[in-house]
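Here is a short report for a reader who is meeting this structure for the first time. Please look over the sequence and the model before reading on.

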Amino acid sequence: MKFLTPFAIVWTTFLAQADILFSIDFNSTTQGGGPNAVGGKYSNYDAGHEVANDFVTQSYAAFGTTVSLTPSWPDSTDRRVQQMIDRGGGNDANWTGTDLQLVTDFLGIDTRTSNGGNGNYDGVTGTPTTMLLTLGDLPGGTYQWTSFHHDTENVHTPFLMDISTDGGASFDPVEGGDLKMSSSSGGGNPANPNLEFGPVPASLSSTVVTEFQTDGGSDVVIRFVPLSRSAVHTQIFGINGFELVQTSSSFTRFQITGISKKPPTGEVVLTWNSKPERSYTIRASESLDTDPSTWSDIDDGWLSQGETTSYTELDPGLARRFYVVEENPK
Ligand SMILES: [Ca+2]
Ligand SMILES: [Ca+2]
Ligand SMILES: [Ca+2]
């Protein structure tokens with residue numbers, strides 16, 4: 001049996017090198033003479049603007065398997081929230097950069113109450129009008145996500161973005177803050193004082209680059225929440241497309257990797273895989289008779305020490321003790 005191992009490694013490496021990129025261009029079938037596919041490395045997600053029946057799960061060959069992509073708008077049942085816009089030639093002419101057919105069209109959200117949305121929302125006050133992008137069957141690994149949020153017309157809405165790697169049960173905010181769409185055309189209501197025209201989609205101030213890690217067992221859910229305000233051109237949100245690169249096919253499972261009791265002092269040292277800039281709750285119990293989530297905590301805000309974190313409990317003076325570590329929400 002031993003000689004089989006090298007073959008398994010070669011096979012894994014081949015997949016990783018041949019198939020590490022999954023890119024999507026969102027295209028409108030009902031506007032701008034679309035669908036206008038940018039082509040190249042991009043696959044297409046095509047749908048009609050506000051055509052609810054078009055926003056179905058689509059599947060793509062990627063990462064050596066089949067990955068599914070599903071947009072959804074959980075905060076409204078009104079199809080008019082469900083945007084798939086393609087701008088016309090007059091607006092498109094303002095874009096002087098590459099890949100016009102990537103940025104001319106976008107999937108998105110109309111938050112206006114007159115169009116079925118929930119109105120303005122500043123992150124605290126108001127009601128969000130959220131859109132989710134659910135990636136199903138993504139293999140376990142580490143991924144770099146790049147998404148584009150440009151309008152060749154006037155939309156320049158600020159937005160929040162969060163990523164869930166547990167099927168939508170919990171979300172991590174994307175670092176960087178101040179996410180905001182960019183736009184190319186003068187005028188609008190309100191007008192964008194800082195127009196952008198290129199030179200490449202990746203150079204735009206609106207482009208989001210982030211990383212996530214998934215164990216492959218749950219859907220990855222990308223959540224977009226417009227910080228809608230003022231008037232129409234800061235009340236609509238869009239994503240032109242995205243690129244997903246598998247930077248590693250391995251992942252580090254969240255688990256306690258070490259537990260030891262120091263004989264001289266009786267101190268107990270716990271070590272686990274952690275994320276930077278997070279905090280952890282440590283719970284302990286003398287028995288397994290109750291649900292670990294109900295055990296009393298011995299610390300509810302232990303700060304991460306980076307990729308690995310340790311916690312030392314002074315001698316608890318017990319013959320047996322069980323521990324759990326929970327990652328706190330941000
Ligand atoms: Ca396109
Ligand atoms: Ca167009
Ligand atoms: Ca697009």
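Two strands count as paired if DSSP finds at least two bridges between them. With that in mind, strand β1 (residues 21–28) and β2 run parallel and are joined by six bridges. Ile24 has Ser43 in β2 as its bridge partner. The model described here is predicted.

## Overall layout

The protein chain is divided into two parts: domain 1 covers 19–249, and domain 2 covers 256–327. Their C-alpha centres lie 40 Å apart.

## A mixed sheet of five strands

β1 and β2 belong to an open sheet of five strands. The order is β2-β1-β16-β8-β13, and the pairing is mixed. β2 (42–47) and β13 (208–214) are the edge strands, and each pairs on one side only. From one strand to the next, the twist averages 20 degrees.

Strand β4 (residues 65–72) takes part in two antiparallel pairings. One is with strand β3 (residues 58–62), over five bridges. Here Ser59 has Ser68 in β4 as its bridge partner. β3 and β4 form a hairpin with two residues between the strands. In this hairpin, Phe63 takes a positive phi near 55 degrees.

The other pairing is with strand β7 (residues 131–136), again antiparallel and joined by five bridges. Thr70 stands opposite Thr134 in β7.

## An antiparallel sheet of three strands

Another open sheet has three strands in the order β17-β18-β21, with antiparallel pairing. Which strands stand at its edges? They are β17 (256–261) and β21 (308–313). Each has a single partner strand, so one side of each is left without a neighbour in the sheet. Neighbouring strands of this sheet are turned by 15 degrees against each other on average, direction ignored.

β17 pairs with strand β18 (residues 268–273) in the antiparallel sense, over five bridges. Gly258 has Thr271 in β18 as its bridge partner.

| Strand pair | Direction | Bridges |
|---|---|---|
| β1 and β2 | parallel | six bridges |
| β3 and β4 | antiparallel | five bridges |
| β4 and β7 | antiparallel | five bridges |
| β17 and β18 | antiparallel | five bridges |

Strands of a sheet pair through backbone hydrogen bonds, either parallel or antiparallel.

## Nonpolar cores

In soluble globular proteins, nonpolar side chains tend to be buried together. The largest nonpolar core here has 49 residues. Seven of its residues touch the most other members: Phe26, Val67, Ile109, Phe159, Met161, Phe224 and Ile239. Strand β14 (residues 220–226) gives the largest share of this core, five residues.

What does Phe26 touch, not counting residues up to four places away in sequence? Its contacts are Tyr45, Met84, Asp105, Phe106, Leu107, Ile239, Asn240 and Gly241.

There is also a second, separate core of seven residues. Among them are Val268, Leu270, Trp272 and Trp302.

## An exposed loop residue

Ser293 lies in the loop between β19 (279–285) and β20 (297–303). Is Ser293 buried or exposed? Ser293 has 9 C-beta neighbours inside 10 Å, so Ser293 counts as exposed.

Ser293 and Val81 are 212 residues apart in sequence. In space, they are 39 Å apart, C-alpha to C-alpha.

Definitions and conventions
Residues are numbered from 1 along each chain as its sequence is written. Chains are lettered from A and ligands numbered from 1 in the order in which they are written. This is a predicted model: local features need pLDDT of at least 70, side-chain atom pairs count only at pLDDT 80 or more; totals for chains, interfaces and linings use all residues. Domain bounds come from an automatic or database domain assignment. Helices (H or I, at least four residues) and strands (E, at least two) are DSSP runs, numbered from the N terminus. Axes are lines fitted to C-alpha atoms, for helices over the stretch in contact, and angles run from 0 to 180 degrees between N-to-C directions. A residue is buried if 20 or more other C-beta atoms lie within 10 Å of its own, exposed if 12 or fewer, and partly exposed in between; C-beta atoms are placed from the backbone. A nonpolar core is a set of buried Ala, Val, Leu, Ile, Met, Phe, Trp, Tyr and Cys residues joined through C-beta atoms within 7 Å. Two residues are in contact if their C-beta atoms, placed from the backbone, lie within 7 Å.
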